[in-house]
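Here are a few notes from my pass through the model. Have the coordinates open as you read.

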Number of protein chains: 2
Amino acid sequence: MILQGKRTWVYSKPPVIIATGTVVGPDEGQGPLASDFDLVHPDLEMGQPTWEKSERLLMEQATDIALQHAKLSKDELNFYIGGDLLNQIISNTFAARTLGAPYLGVFGACSTSMESLAIASLIVASGAGNYAMAGTCSHNCTVEKQFRYPTEYGSQKPPTAQYTVTGAGASIVSREGNGPIVTAATIGKIMDLGIKDPFNMGAAMAPAAVDTIQGHLQDTGRDPGYYDMIVTGDLAGVGHPIANEMLRRNGVPMDQTQFLDCGLMIYDVEKQKVQAGGSGCACSAVVTYGHLLKRIHKGELRRVLVVATGALLSPLTFQQGESIPCVAHAVAIEAQNFEQQGGTAL
Amino acid sequence: MILQGKRTWVYSKPPVIIATGTVVGPDEGQGPLASDFDLVHPDLEMGQPTWEKSERLLMEQATDIALQHAKLSKDELNFYIGGDLLNQIISNTFAARTLGAPYLGVFGACSTSMESLAIASLIVASGAGNYAMAGTCSHNCTVEKQFRYPTEYGSQKPPTAQYTVTGAGASIVSREGNGPIVTAATIGKIMDLGIKDPFNMGAAMAPAAVDTIQGHLQDTGRDPGYYDMIVTGDLAGVGHPIANEMLRRNGVPMDQTQFLDCGLMIYDVEKQKVQAGGSGCACSAVVTYGHLLKRIHKGELRRVLVVATGALLSPLTFQQGESIPCVAHAVAIEAQNFEQQGGTAL
């Protein structure tokens, strides 16, 4: 492991993402990336008596599918690193109980997807584990209930609000094998520019994405063109243009065909009723593990930087008048044999 | 880094705990370990308008004191790894905002103390950081309010209940320096024997402590006598005898002078009104960083295994009829120059 710059890990022997599992709900199953997911549920209930149990099922299914794809038994998994948006990260705790693997719970709101992948990769790259799984999930109805109003209440939402993705994504990293490699991770700082509106989390999170992207480029000495794609987690229709403009003003202009957002990719924002776009722990997880990795496998992308953004919103501190602290963690994922194909070594 | 057995990290170049910071409230300041803490608050309010802000202050003070003791500036700190019991781990999120360091949020309920130390040590030992801080906190009134009843409600408690420690503990690990070293960590699995009583968390957590202790001994090939002391996190008066009995039945009997519990050490359980004893994220953190490390420094202890226990209790899943999943993470802390003094190498 090498610490590069202030806060970027460069994995000297990059771990391989040998398998993933992605499960989504009905809205994501009607979005443009539907065919990239392993399992699509036709309804939000999924046969469960509570929304929380539906969310747990999503996570259990994603971990199961990832294990199947990796042809690994539960016993062979050394560590599971997971988290979600629910209080006490219950979906992951119960999924970890089902899985039976040694478990590290993490929380970074929607940035948990890349926080867990960065830690899983650290464990494998440093020799502290042979197989580590990273997982995260969210469910539209559990999140609305916990953070805003229960869906059944039927409250209206402003166009700046985002639509929480129903889904779960899991990935297994290993020291060797076939698949894209995790080459670097940049850990985010808490950024808080004073935004207090829980219906405008994209704007709150944009500065965190900008800070982590700039930190990553500075630490690694790269320019944005190093990556075929830089993808933010869930800034959506309001936050992503803000991040774009902030980067431009900071002298780091992004190629507009290269700078995307998972929250804008997972839905047809024009046609589906998702306000500004997708959000939630599952958003960047299923887009990365389902869509982006498939594109790397196909050779359509060689180097991707996923910048998962998290609004660490607490209904309690919000009611106490506090602003929303945000964080973003970035993970660089690259095609394994790119160098052999004439690319530049890291 | 070496993975030993199924789930134990043996740090090949053990990181050094170069400094700690411990802050506690009035009850802990009247307990038997009072003189070991850096700062004792005379009241629970600490001049703050809400209990949550009091808890945040505890965490901010503990991180500040640790930095002062290490003679480090905030800028020199590479990573802060922290978590607490509050929803969205808000105390640590806000403390990380104040600190300004790259931040990895973790959650393992009261096991967070050793989860964060294990990850901070992994980061430093693997070369992914020069200085990493681990921190955790709890406040009696925030926790009662969130998990049971607000203190102001004045509800009675059964004798199996535990008293949440008001306090915060932080430690800084580094590649070199003076101080005790972190030699190994064993990551816990979710254990759940079906206990559903939030007023009897000690009993719920005992099997997790037992599983992690046995896993650690098995992975490392050690017997309990290797350690001068094996200390559970917060099993307290009900859970600790259960863990002791379970270990005895499993053929791993503990020397009774050597097998202790932070929840029983921090208070005078006979005289102070703390029911079965202490609990909370701060319990094992302040006892370890305040008391146990001082005893290692003084040469009174050479090898200690801290087994922080966490009841991943969710008021929501509890109301949905679920049991309480639990986890325990163990970290081995040893005197740095023990080998030179004639001890056996790891």
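Which residue lies over the face of Y226(B), and at what distance from the ring centre?

1. R222(B) does, at 4.2 Å from the ring centre. R303(B) also lies over the face of Y226(B), at 3.8 Å. For a charge to sit over a ring, NZ of Lys or CZ of Arg must be within 6 Å of the ring centre and within 35 degrees of the ring normal.

2. Before going on, the ground rules: this is a predicted model, where local features need pLDDT of at least 70 and side-chain atom pairs count only at pLDDT 80 or more, while totals for chains, interfaces and linings use all residues. Residues are numbered from 1 along each chain as written, chains are lettered from A and ligands numbered from 1 in written order, and side-chain values use heavy atoms, leaving out hydrogens and water.

3. Over all chains there are ten aromatic pairs (ring centres of Phe, Tyr or Trp, its six-membered ring, within 6.5 Å; planes under 30 degrees apart are stacked, over 60 edge-to-face, the rest tilted). Among them, Y149(A) and Y153(A) are stacked, with 5.4 Å between centres and 25° between planes. Y226(B) and Y227(B) pair edge-to-face, at 4.9 Å and 80°. Y227(B) is buried at 2% relative accessible area (buried is under 20%, exposed over 50%, partly exposed in between; 1.4 Å probe, protein chains only).

4. Don't look for disulfides (cysteine sulfurs within 2.5 Å): the structure holds zero. For C110(A), the nearest cysteine sulfur, in C281(A), is 5.1 Å away. C110(A) is buried, at 8%.
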